[in-house]
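This note sets out a few points for a colleague who is new to the structure. Please read them alongside the sequence and the model.

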Amino acid sequence: MEKSGILFICAAGNSGANTDIIPVYPACFDMPNILSVAAVDNNGRLAEFSNYGSKIHAAAPGVNILTTAPEGSFSFAGGTSMAAPYVTGIAALVKSHAPDSTSTEIA
């Protein structure tokens with residue numbers, strides 16, 4: 001993974017646990033091209049369910065996120081998997097602005 005040149009943006013997990021004690025993978029791999037994402041609510045507070053710890057690098061909205069659902073409908077969902085796409089979008093914007101930047105520099 002580390003030598004791939006790819007930036008891996010990983011959901012931190014939804015157990016409300018300290019990942020320093022109970023690591024979650026791939027989010028807790030100690031590699032420069034891993035960016036781990038926690039979830040926050042609409043007030044910027046860590047979501048009740050979101051994992052946290054020193055290996056978590058960023059947080060993004062992850063509570064009551066409007067998303068697509070089967071048969072062309074929509075629903076609300078929550079989780080660090082809802083937060084990670086926000087960070088992915090930011091990373092893509094950074095790459096579009098600085099195309100020569102490496103995955104490690106973006107992280």
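How many bridges join strand β4 to strand β5?

1. Strands β4 (residues 65-69) and β5 (residues 73-77) run antiparallel and are joined by 5 bridges. Two strands pair if DSSP finds at least two bridges between them; strands (E, at least two residues) and helices (H or I, at least four) are DSSP runs, numbered from the N terminus. Ala-69 has Ser-73 in β5 as its bridge partner. The hairpin of β4 and β5 has 3 residues between the strands, and Glu-71 takes a positive phi near 60° there.

2. This is a predicted model, in which local features need pLDDT of at least 70 and side-chain atom pairs pLDDT 80 or more, while totals for chains, interfaces and linings use all residues. Residues are numbered from 1 along each chain as its sequence is written, and side-chain values use heavy atoms, without hydrogens and water.

3. The count of disulfides (pairs of cysteine sulfur atoms within 2.5 Å) is 0. The sulfur of Cys-10 has its closest cysteine sulfur in Cys-28, 9.2 Å away, which is too far for a bond. Cys-10 is buried (under 20% relative accessible area; exposed is over 50%, partly exposed in between, with a 1.4 Å probe and protein chains only) at 7%, and Cys-28 is buried at 3%.
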